[in-house]
Amino acid sequence: MTYSRIAGTGRYLPERVLTNRELETMVDTTEEWIRTRTGIERRHVAADTQGTSDLAEQAARQAMEAAGVTAADIDFLVVGTTTPDLVFPNVGCLVQRRLGIHGCPAFSLEAACSGFIYALSMADRFIASGSARCALVIGAETLSRIVDWNDRATCVLFGDGAGAVVLKPADEPGILSCHLGADGHYGDLLYHPYGTSRPQRPGDLERPYVQMKGNEVFKVAVKTLEGIVDETLAANHLERSAINWLIPHQANIRIIQATAKRLDMPMERVVLTLQDHGNTSAASVPMALDVAVRDGRVKRGDLLLLEAFGGGLTWGSALVRF
Ligand code: UT7
């Protein structure tokens, strides 16, 4: 039986930092409101010259270096993103070209904030089935391009960034299980109205930005994440105390605290990075993982619970023996 394991991690944040204080000068908000209601203190914004693939490329290079692999080794490339550079070529192909990788499948998938977990699950299946031997899995976003910088309810929340992992085959399970879900009936709670095919609804063209009923999303997020934590533990016959680190999607500290409580886990065992980059959608879980790996908190052999929730609505978790 072949399993997959995480062989290396990486991340990239654009240089430009936008603080809560700066946002006070842009919209009717306060530093204190943002920090206490969300946990966010600053976010990074991509330069005008940077697209999602530029961010993804940097994170990928770091992950490949950490895993000790080269472009020639990569035989599967997937990018979770909601903010592709172009309709096509997809971000996977753009990154593939930058990295000098030839021939392997390369694609992006949209599952909003759950994009990385969905992508990880795909790559894990390809490796476990023997169809791939070295997968590059990326979550990358330039959400600053699709938020309304005049809307205080959304612009204070989001940021840009990218995170990546390299998966390789192993005899012992690294990815123990992935659990994915979605419910399109909640689509109107969090969406972006612009597309390429559907006739736009009245008013959509005038507001081509992220639309969110924050309070309602919050409630569904807490309930759904509690459910997926329980499902993940049950599927692996594990007690809550078995988990060493919770590596959650970084959207709101209050949602993260609720999930930690469900796991009976002190916040010291939760990797929190949202204060530094806000909600970076598909990039947030791999970035948080990379932070905790590089600062030495996450060690080989630790049991990690990765989870995410976002537009669609979509959600997912991955239980990982690092
Ligand atoms: O990543 C994918 C999934 N997304 C999420 O998980 C986001 C989930 N939602 C949330 O994180 C929270 O609902 C928000 C942070 C978006 C909002 O927090 P909240 O505690 O749910 O606030 P609220 O929307 O109920 O608004 C409370 C008040 C309102 O004023 P009134 O009506 O009570 O007078 C808002 O107008 O806060 C006001 N408000 C703000 N005030 C200052 C909303 N945004 C701001 C702001 N600054 N930026």
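Helices (H or I, at least four residues) and strands (E, at least two) are DSSP runs, numbered from the N terminus. The structure is a predicted model, in which local features need pLDDT of at least 70 and side-chain atom pairs count only at pLDDT 80 or more, while totals for chains, interfaces and linings use all residues. Residues are numbered from 1 along each chain as its sequence is written, and side-chain values use heavy atoms, with hydrogens and water left out.

Five strands form an open sheet with mixed pairing, in the order β1-β7-β6-β4-β5, where two strands pair if DSSP finds at least two bridges between them. At its edges stand β1 (3-12) and β5 (106-109), each of which pairs on one side only, and from one strand to the next the twist averages 20°. Within this sheet, β6 (residues 135-142) and β7 (residues 160-170) run antiparallel and are joined by 8 bridges; Glu141 stands opposite Gly161 in β7.

Two helices accompany these strands. Helix α3 lies across β1, β6 and β7, running at about 125° to β1, whereas α4 packs on the sheet, touching β4 (76-80), β5 and β6, with its direction at about 140° to that of β5. Contact here means heavy atoms within 4.5 Å, and angles run from 0 to 180 degrees between N-to-C directions, with axes fitted to C-alpha atoms, for helices over the stretch in contact.

The two helices also pack against each other: α3 (residues 52-67) and α4 (residues 91-99) meet at an angle of about 55°, with their axes 9 Å apart. They are therefore oblique to each other, since angles under 35 degrees count as roughly parallel, over 145 as roughly antiparallel, 65 to 115 as roughly perpendicular and the rest as oblique. Residues that make the contact include Ala56, Ala60 and Met64 of α3 and Val91, Leu94 and Leu99 of α4.

The loops hold some backbone details. In the loop between β4 and α4 lies Pro89, which a cis peptide bond with omega of about 0° joins to Phe88. Another cis peptide bond runs from Gly312 to Leu313, with omega near -10°, and Leu313 is found in the loop between β12 (303-310) and β13 (314-321).

Although Ala112 is not a glycine, its phi is positive, at about 50°; Ala112 counts as buried at 13% relative accessibility, buried meaning under 20% relative accessible area, exposed over 50% and partly exposed in between (1.4 Å probe, protein chains only). His237, in the loop between α7 (214-235) and β11 (245-248), has a positive phi near 50°, and His237 is exposed, with a relative accessible area of 76%.
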